[in-house]
Amino acid sequence: KHKFWETQPVGQFKDIGDSSLPEGPIELPTPLSEVKQEPYNLPDQYEWITCDINSEDVCEEVYNLLAHNYVEDDENMFRFKYSKEFLRWALQPPGYFRSWHIGVRVKSTKKMVAFITGVPARIRVRDEVVHMAEINFLCVHKKLRTKRLAPVMIKEVTRRVHLENMWQAAYTAGVILPTPIATCQYWHRSLNPKKLIDVGFSRLGARMTMSRTIKLYKLPESTVTPGFRKMEIHDVPAVTRLIRTYLSRFVVAPDFDENDVEHWLLPKDDVIDSFLVESPETHEVTDFCSFYTLPSTILGHPSYSLLKAAYSFYNISTVTPLLQLMNDALIVAKQKDYDVFNALDVMQNETFLRELKFGPGDGKLHYYLYNYRIRHALKPSELGLVLL
Ligand code: NHW
Ligand code: EN5
């Protein structure tokens, strides 16, 4: 079992419960001169490429690789379909490294067959802010699976992260690896129940008709909170103060500055939506909510091919009850024609999920740190981090 992961500086299953092991880095950094200078070897037919995601052609190749080979649900009914604009946003935050956008091509045909990325992030673990890589979009073409290409991809991104003098990483996966710092549950709120049932995303409940189901999930036409509006560029300082204060209560959370907030939270059409509540009296920004857009291909359905999904991102309530704020988020998502609103049970999300008619999904999301040990697994409510 885990012939690769056993060799890596990650929490191992055999060490679970061993309270003699200290929290923090597992291995010390090595001098940069000792970091391997050449890429890892690939099988002879393949070559490494550093991707220029700003190039329309490269971005399209990545988009197509992922659209056909990235994550599916356990019954292979849906596959994530990240848009090109989303990929550009996800891969180019402040201080990003082009060298961390790594592709593999077939030498003879130049076809892209594998991909992995990192982006830099400051992640706070308890009272320590750690400069990490967030690793995402690991993908090997379906025809090249189970040939141990993934460990080579992971070692190569690790090497390139080390070359920037960073020694820790954060990542999430639907599969269990050694060893999760937290295991979260996906929850789903139907916005277009008829379509969701038609495509097999959800089922008609026992003793429910279609018309009762549609009525159950009906939402008001417009938002109810006075002062609820789209976030704008001039809101960046206020939103940064709000989110920094809020995230300080979680055990693991990003350390966002104004540049990060501008990049990650300022609205971008069909990528990231953010709303806030500006008090009509004091003009203070008191509350904030956001979701990102990640559609899925509906595999093999005669009449529908795309599921439009919103994913809850960062939400902060100080005056408006979180329940009301998130109900307004559902209302705008419905106005914008999303079929479903998804959320994890991270942060304070448990306080609204059931009441707002979210139901638990069949998927879990495991959170991991590379080269950083946590004494014992966290509760989802202790996590203040959402990855894309
Ligand atoms: S999770 C989404 C990952 N992608 C997909 O699920 C897409 C569809 N699947 C595939 O493309 C978000 C392939 O099945 C993949 C595996 C490529 C997943 N994470 O090549 P082999 C992320 O992107 C291990 C980590 O034969 P394959 C996060 C597996 O346990 N490891 O398999 C990515 C086994 O090792 P073991 C994973 O099916 C985080 C080995 O790979 C994994 O052809 C990456 C088998 O390799 C996963 N999701 O390809 C880690 N899935 O020890 C970052 C399988 O058990 C670490 N494996 O024998 C930090 C790096 C930076 C550090 C900086 C200091
Ligand atoms: C790294 N950034 O399994 C991401 N999704 O529940 C990689 N299920 O959509 C990790 N199987 O439960 C990704 N409908 C891990 C997740 C991979 C994708 C995945 C799950 C999450 C999902 C749906 C569809 C299931 C189709 C059959 C699901 C039930 C919804 C229902 C609505 C009404 C109230 C009850 C729940």
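Into which domains is the chain divided?

## Model and domains

The chain splits into domain 1 (5-171) and domain 2 (183-382); the bounds come from an automatic or database domain assignment. Their C-alpha centres lie 26 Å apart.

This is a predicted model, in which local features need pLDDT of at least 70 and side-chain atom pairs count only at pLDDT 80 or more, while totals for chains, interfaces and linings use all residues. Residues are numbered from 1 along each chain as its sequence is written, chains are lettered from A and ligands numbered from 1 in written order, and side-chain values use heavy atoms, without hydrogens and water.

## Contact and buried area

Domain 1 places 44 residues in contact with 45 residues of domain 2 (heavy atoms within 4.5 Å). The two domains bury about 4200 Å² between them. Carbon and sulfur atoms carry 56% of that area. Buried area is the accessible area (1.4 Å probe) lost when two parts are put together, summed over both.

Three residues lead on the domain 1 side. Phe 78, Trp 89 and Arg 124 supply 19% of the area that domain 1 buries against domain 2, more than any other three residues.

The interface holds three salt bridges (a side-chain nitrogen of Lys or Arg within 4 Å of a carboxyl oxygen of Asp or Glu). Arg 122 and Asp 260 meet in a salt bridge through their side chains, at 2.8 Å, N to O.

## Make-up of the domain 1 side

By class, the side of domain 1 that touches domain 2 has 25 nonpolar, seven polar and 12 charged residues. Here Ala, Val, Leu, Ile, Met, Phe, Trp, Tyr, Cys and Pro count as nonpolar, Asp, Glu, Lys and Arg as charged, and the others, Gly among them, as polar.
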